[in-house]
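This report concerns the model shown below. Please consult the sequence and the coordinates while reading.

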Amino acid sequence: MMMLRLLGKLPCRGKGHSQFTLGEKFYLSQSLSTSVSQPLNFDVVVVGGGHAGSEACAAAARMGARTLLITHKKETVGVMSCNPSFGGIGKGHLMREIDALDGLCGRICDISGIQYKVLNTKKGPAVWGLRAQIDRALYKANLQRELFHNTPNLTVMEASVEDLILNESVSQNGTHQCNGIVLSDGSQIFSDAVVLTTGTFLKGQINIGLDVRPAGRLGDAPAIGLALTLERLKFRMGRLKTGTPPRLDKNTINFKVLSANGGDKRPIPFSFLNDSVWMKPEDQVDCHLTYTNADVANIIKQNQHVNRHIREEVLGPRYCPSIESKVLRFKKDVHLIWLEPEGLTSDIIYPNGLSCTLPEELQFKLVRKLHGLENVTMLSPGYGVEYDFVDPRELQASLETTKIPGLFFAGQINGTTGYEEAASQGIIAGINAASKVLHKSPLTVSRTDGYIGVLIDDLTTHGTSEPYRMFTSRAEFRLSLRPDNADLRLTEKGYQHGCVSEKRYHHFCETKDIMNNAICLLKEIKMPFNVWRQRVPLPSFTSQHVRNAFQILGDANCQCPLSTLVTSLPEDLGSLKNINYTTQQRISIEAQYNEVVEAQFSDMEDMRKEESFLIPSNVDFSDPLLGMCYEDQEKIRKVHPQTIAAASRIPGIRPSSLLRLMHFISKNETKHAASQHT
Amino acid sequence: MFQKVRAICKSFACREFNVDLSRSYSAVGRTIFALSSGRGKSGVAVVRVSGSQSRVVLSAIADETCLRKPRFAQLRTLRDPQSNDILDKAIVIWFPGPKSFTGEDICEFQVHGGLAVVSGLLHALGKMPGLYPADPGEFSKRAFFNGSMDLTEAEGLADLIHAETEMQRKQALHQMGGSLHILYNRWRTVLLQNLAHVEAYIDFSEDENIEDDVMANVIDSLRKLSQEVETHLTDGRRGQRLRDGVQATIVGEPNVGKSSLLNLLCDRPAAIVTAIAGTTRDVVEQYINIGGYPLSIADTAGIRGESTVNDVVEKEGIARAKQYAKSADVILLVIDSETFLSASKWQEHQDILTFQEFVKSHMLQLGLKDFFNGQPCILKSNQEGSIIDSDTQLQCLIIMSKIDLIMDESIKKSLNKLQTQFLNVVVLSCLNGDGLPALLQKLESILEYLCGNPSQESPALSQVRHQHHLIDCLENIQDYLKKTSYLSEAQKNASLEGSQITDLAICAEDLRRAVQHLGKITGHVTTEQILDVIFRDFCIGK
């Protein structure tokens, strides 16, 4: 193992030519076969070092599995290949949940950000969007340090994976079990579980203007071999496209004429472990805002014929369209463009909202039409990427494929977009790959537990026809699944499962204890409302109702922060004075949501019940004893939902079909149990 | 260290407040009610209530003494707890959980089968706090989850599930009638759009240029909607009268004898019959009784191609005809025998395939194909054994009319043979009544199926449920307006902005619930539908 690790650290010579990578891979595997006498053997192999792969390998290693991360280029592990920011509305929720399961991205962002800003502060804590502009170089360096040096059980290797090792398993007749991977030089690495996180690299293709070249990312070769393997295994595949904007030179932009947008005065860290972020609030860097105009629109309208990406039918995201789609679909010329710095020391500006695929010289003309960018230098053109993805309905809630036990998928390969969405799947796939090896039951997150559950359930139940992104509107229990309480929802569960460190768990328990004590104390103080008004400054409305302090704190009409309560009732609540700002805020949020969350309890309970009613993978939906109508058989067979909850969300399914199915399953279970008994 | 941590965690497990959301809330669950017996000519109707409130319900509607003898049929006078009006004298049975069908407390009312009694009881239940009309299949589902499966193993479970779920499936479209259906669907569209705009404002307004007036527009639009719903609820008689009985609609080309058929069935000239094509413009509806089953039969305007119709009134008539046909239980498709003969050049011994082909293309021509779930042919050959089409909710009789005009006896004879070859074909003369006994007999067997099978709910009872959902929907819209009214003010008056922060996530929850309630009438609203509106109306894309 040591040998491998040393080899992995070899400096990367050269940039992004497949020939070179091949050479290096050859060199690597040769040294491996000579230096290691036995064939290579790991518990878990993670393929791909993006945001899904990073979380997956770290989680598997945290669980105690001997884990190998294989990446094309070690240098690009943790690279942020698109926008220089993390988080946002919905995405910030995911990051908090990843952190609650002891994942990496939240912690790394707390030491790599250059501007921290919470979105939606005026709309209620349930939809606050924690976001930060990130220094690309810092993020990569911090993440690599964590993975390469601070993660026990993890080995990192540079290689290209061409195929999977499949064994016919004894237990399940006819199906295969994934037992490792084959590298491009033909050498094999054995493992009990494999996590594929190949992002946009499956048959990846880059489009600029009419120019098309195979690549997973600008300068990186695509993965053709693996794509063929998945096709051979008859995974249902689809194709998606996405894009990235041109990059601009900071020194050639006239920022003086643009409005600036700064960070929060009191940055809120992503990780529950941190009370503050690494940088001083006043050192934060600004973003700037500019707009497109009629000139920009004209360039786009007049040049559709040289824009292959736009002409093609492959589905792109509706919510993150290229500037071309925006101009062509919405008949207006003014669209926002955010100029985002890529780092503290970087001269690169990322014009967010300007993703485009025009030929390079037209892109150059286009960016110079923007206000403040009249003399800008374009460092690299924007481009479109097309890639294969696997229909996520091939996956179980654990992110293991139904077809090939031992094979897990996470990230863009499943049709999602975004670092946070990828990382969420990565951590779940990593945990469950390790669980499989360690003979533990899989860890699944319910829709009632978190956005991660919503994400995975949406994907595995409905599939997707466009790159899937998280929005808070997707979560039916939005008021319960808040960024502030992600640890209360998931850390205990993660700890029981073995993916949360003692350190974090201890920290979590302390916080939880403080909150519980404070809330119990607040609830004990009860008096009629008119008495409250004599003791605490409250707006004047008359009521004889007896209210407790927790209710006063949570009542939007009272406008009474915890600090006011504490100073007004020092003899009762004085002990709460020492609670830190973050926890005080959390207590207030709990109070604010107490009533509305309780109102959802029975709905949540119903969903949990339906989620816990499992549909065995071998159910024959056409069984005459089941008697399901043909139409519903078709619908349900396509998804093969794993729970009754998932089945009930199949559009148009009849309630009677669900009841028949439930009845059929329970009857078979009883029969099965009886036959085993005799 | 580990032990210590666990100890800390355990120490507050007993506290009143438990932040990990893991406590059991089963006691909080909703109490549901529904009519558990089907419609039709039953003497007794069974209404069930399940959930923690059942005890309260039984005490309020009957009296507490019923609770003393569980699982024992007792005769009681039922009263509306609010008005104290007598509802019925009926059998009540108290099944305390877990020894009940659902595993929860259940009370069962076996009332007289009349519509007034049943709807009165359901109304009274609906007014009680914490009681909700059951969703399709909810009773059985609770039985599964509460582990009282063994009770549901009883034979007839399939029928029960059928009764419980299919009962409400088609009925939304079915008995609501055209205008109500359109109205509810319009409300749904308005509500969906407003919810989508609020969701967009939550998810995207910080980075995207979503116009600032979005929230104010939502408030304006919802105010109008809430007024409309309120007016509708307070004037129960407005809108189309709910129709009771099995719905049959007569359709066909102009001048094939549809109105004559209606008059023949009613045994009186209910509709004007002339030789002029397009005499019937509006829908003419009659109530008749066939074999003791209630039948509402509607005569409609003849359907012909859009291009040939210039008359606005006739166009509207055709649209109504199709609307009626869509919501019917039974379609009586009238085809002029001569049309068939000339179209197919049919001879005496020709293959029956020709007839099938003809019916198929004729239905396509009339634009009726979609009504039958795209089934290739609706004809039932006599090998199939039953006239009933259990795959679709729609039964169809094909009536070959004007047989009296066929002079060639051998052709007439072989036409008549179709009646035996196909179960749902009748060869009829409205003029001399030939074929009427066959028509009545075939209609009766369809009615027997529709009424005996509890697959449909009486419209008066659907109305009770609709009203319940509409009231809930309205309340939620009003809650939203109450909580956000300041928003529109703030936008008009910039100085107010920021002075108060309303939790929009909490407000949006009211709208989400409003949509859910309306969805119980008009069909479930999915996240995808909301996202579709967002991306249609706003340019999202940083």
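## Basis and domain layout

The model is predicted. For chain A, the domain assignment lists four entries: domain 1 covers 41-198 together with 390-497, domain 2 covers 247-383, domain 3 covers 519-604 and domain 4 covers 613-676.

The centres of domain 1 and domain 4 of chain A, taken over C-alpha atoms, are separated by 30 Å. Their contact draws 6 residues from domain 1 of chain A and 7 residues from domain 4 of chain A. On the domain 1 side of this contact in chain A, the residues that touch domain 4 divide by class into 1 nonpolar, 3 polar and 2 charged.

## The six-stranded sheet of chain A

Chain A contains an open sheet of 6 strands in the order E14-E15-E16-E17-E13-E18, with antiparallel pairing. Its edges are formed by strand E14 (259-261) and strand E18 (378-380) of chain A, each of which pairs on one side only. From one strand to the next, the twist averages 35°. Strands of a sheet pair through backbone hydrogen bonds, in either a parallel or an antiparallel sense.

Strand E17 of chain A (residues 348-352) can be followed through its pairings with two other strands. With strand E16 of chain A (residues 336-341), E17(A) runs antiparallel, and 4 bridges join the two. E16(A) and E17(A) are also linked by a hairpin of 6 residues. With strand E13 of chain A (residues 247-249), E17(A) pairs in the antiparallel sense over 2 bridges. Which residue of E17(A) is the bridge partner of Pro341(A)? The partner is Ile349(A), and Leu248(A) also stands opposite Ile349(A) in E17(A). E17(A) is mostly covered, with 4 of its 5 residues buried.

## A helix pair in chain A

Helix H12 (residues 419-437) and helix H13 (residues 451-462) of chain A have axes that come within 10 Å and cross at roughly 90°. H12(A) and H13(A) are therefore classed as roughly perpendicular to each other.

On the H12(A) side, the contact is made by Glu421(A), Ser424(A), Gln425(A) and Ile428(A); on the H13(A) side, it is made by Ile452(A), Leu455(A) and Ile456(A). The residues of this contact between H12(A) and H13(A) comprise 4 nonpolar, 2 polar and 1 charged.

## Positive phi values in loops of chain A

Two loop residues of chain A may be considered together. Leu399(A) has a phi near 75°, a positive value in a residue other than glycine. Leu399(A) is placed in the loop between strand E19 (383-390) and strand E20 (407-409) of chain A. Gln559(A), likewise not a glycine, has a positive phi of about 50°. Its position is in the loop between helix H17 (549-554) and helix H18 (562-568) of chain A.

Are these residues buried or exposed? Leu399(A) counts as buried because it has 30 C-beta neighbours inside 10 Å, the threshold for burial being 20 or more. Gln559(A) counts as exposed because it has 12 C-beta neighbours inside 10 Å, the limit for exposure being 12 or fewer.

## Chain B

Chain B contains 17 helices and 12 strands. Of the 542 residues in chain B, 41% are buried. Among contacts in chain B with a separation of 6 or more, 68% are accounted for by residues 24 or more positions apart.

Helix H9 of chain B (residues 258-266) is mostly covered, with 7 of its 9 residues buried. The buried residues of H9(B) are Lys258(B), Ser259(B), Ser260(B), Leu261(B), Leu262(B), Asn263(B) and Leu265(B). Asp267(B), which follows H9(B), has a positive phi near 65°. Elsewhere in the chain, the peptide bond from Gly97(B) to Pro98(B) is cis, with omega near 0°. Pro98(B) lies in the loop between strand E4 (86-95) and strand E5 (106-112) of chain B.

Notes: Residues are numbered from 1 along each chain as its sequence is written. Chains are lettered from A and ligands numbered from 1 in the order in which they are written. This is a predicted model: local features need pLDDT of at least 70, side-chain atom pairs count only at pLDDT 80 or more; totals for chains, interfaces and linings use all residues. Two strands pair if DSSP finds at least two bridges between them. Axes are lines fitted to C-alpha atoms, for helices over the stretch in contact, and angles run from 0 to 180 degrees between N-to-C directions. Angles under 35 degrees count as roughly parallel, over 145 as roughly antiparallel, 65 to 115 as roughly perpendicular and the rest as oblique. Two residues are in contact if their C-beta atoms, placed from the backbone, lie within 7 Å. Ala, Val, Leu, Ile, Met, Phe, Trp, Tyr, Cys and Pro count as nonpolar, Asp, Glu, Lys and Arg as charged, and the others, Gly among them, as polar. Domain bounds come from an automatic or database domain assignment.
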